[in-house]
Amino acid sequence: MILLTNKYYVWTLTPISWVFVNEYREKPNIFDIPNIKQGKQMATDLKPLWNGLKRLRRSRWMKILMITNIVINLASFVYYFAYVNPSKFNEFYFKARSVGIRTYRSWGPVGKPPSPPVWSPHYPHLGETCPKQLTEMSGISNEPIKTDLILEDVEVTMGDGVTNGGEWKPTDCNARWRVAIIIPFRNRERHLPVLLNYLIPMLKVQRLHFGIFVIEQKGDNDFNRGHLLNIGFNEISRGSWDCFIFHDVDLIPTNNRNYYGCDQMPRHFSTEIDRYGYMLPFEENFGGVTGLTKIQFTVINGYSNNFWGWGSEDDDLYKRVQGAHMNISRPAPTQGRFHALREGHTSSHFSLAGIFGGMDQENSATDGLISLAYQRPRIERHLLYTNIGVNLDGPSGPNIVYYHGNNGNRFATNTINS
């Protein structure tokens with residue numbers, strides 16, 4: 001692309017250089033002029049060429065050529081930036097967008113501010129269903145996020161009552177919901193302890209029966225978030241979980257009133273991220289932390305398996321949800337706040353599947369859970385989570401797992417029941 005844009009410089013400067021070289025190659029260098037008379041003569045000889053260049057610069061076609069060249073070079077820079085470092089590009093774009101929206105709203109008519117959500121906390125009682133609003137849900141935490149954590153220390157501080165594999169349920173009341181947390185993962189060893197250190201206490205305060213599952217991608221292919229989440233759902237959905245929350249490992253919840261229960265699904269939990277100025281970047285945003293019930297996720301055929309690299313799979317999921325005529329719910333203002341971790345972030349290439357027809361409504365019927373096939377995963381149970389390692393370099397050999405919702409003999413042979 002850069003060579004394509006620079007050809008305009010070549011076409012413009014090459015003839016001028018050729019004329020200059022051939023016309024003055026026999027004449028002395030300007031710094032070697034023996035007397036003023038020869039210098040004046042050279043200036044006189046160069047004057048027609050200089051006047052021609054000035055006329056060329058003032059011409060309409062040259063202005064059009066220069067503007068076109070600037071636009072193409074700027075587009076090339078933006079494309080290169082988005083491809084090489086998509087996370088930074090995404091952060092910059094949506095932060096600028098949120099600032100623009102906030103500025104526009106400040107100039108407009110002052111409307112009535114949104115009323116705070118009604119909060120009627122209750123105490124849990126043994127033998128009764130746990131309430132959704134408890135006195136321990138204090139709201140927004142203003143404490144700085146600790147990012148220098150190691151997994152062993154988090155296991156000591158957060159492992160109370162957690163069974164091996166990352167499952168916990170309250171003992172002072174009957175859990176209202178059974179929630180499976182599915183975390184797509186690859187080379188984020190610094191982020192996972194931080195997320196567990198803040199997510200587990202919040203889920204305990206909310207008195208949810210939860211299980212945490214980390215779906216780790218092996219192999220050398222680009223990261224495929226949608227494929228991993230489909231595999232996670234397929235591996236654990238035979239259990240009696242009421243809903244599934246797909247949670248990015250670098251998003252840390254900072255308001256424990258953001259209830260992770262299974263009512264009002266499908267639900268978008270991460271609506272106010274500090275990276276984007278605590279604003280929803282756009283109405284169609286359905287990424288970061290999202291939740292659906294088992295029936296809902298099956299009806300929309302899950303995520304697409306074809307988005308390799310960074311981005312676009314959550315936009316495709318939004319289209320699938322809308323195509324199934326489901327209404328997405330979101331938390332009340334300030335409840336959906338998250339802190340985005342930046343340290344140790346590694347970027348993969350930008351996914352172009354959405355640009356070249358990946359987000360096609362017709363593809364949702366054939367691309368997703370129904371077409372899921374992968375090598376049998378390796379399952380390891382840790383104290384705070386269950387790790388499901390899977391190779392996405394392509395299914396081959398006898399140990400292939402298919403979507404267990406298909407009819408016929410294509411059933412998963414290695415599932416996690418809870």
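C130 is buried, at a relative accessible area of 1%, where buried means under 20% relative accessible area, with a 1.4 Å probe and protein chains only. This is a predicted model, in which local features need pLDDT of at least 70, side-chain atom pairs count only at pLDDT 80 or more, and totals for chains, interfaces and linings use all residues. Residues are numbered from 1 along each chain as its sequence is written, and side-chain values use heavy atoms, with hydrogens and water left out.

What does C130 form with C173? A disulfide, with the sulfur atoms 1.8 Å apart; the term covers a pair of cysteine sulfur atoms within 2.5 Å. This pair links distant parts of the chain, 43 residues apart. C130 sits in the loop between α4 (86-107) and α5 (151-158), and C173 in the loop between β1 (167-168) and β2 (178-185). Those labels are DSSP runs numbered from the N terminus: helices are H or I with at least four residues, strands are E with at least two. The S-S torsion of C130 and C173 is about 100°, so this disulfide is right-handed. C173 is buried too, at 4%.

Now the other pair. C243 and C262 are joined by a disulfide, S to S 2.0 Å. C243 lies in strand β4 (residues 243-247), while C262 is in the loop between β5 (251-253) and β6 (267-268), so the bond ties together parts 19 residues apart in sequence. Here the torsion about the S-S bond is about -70°, so the disulfide is left-handed. C243 is buried at 0% relative accessible area, and C262 is buried at 6%.

How many disulfides does the rule give? Two. With the bonded cysteines of the protein chain numbered in sequence order, the pairing reads 1-2, 3-4.

Methods:
Buried < 20%, exposed > 50% of the residue type's maximum accessible area, 1.4 Å probe, protein only.
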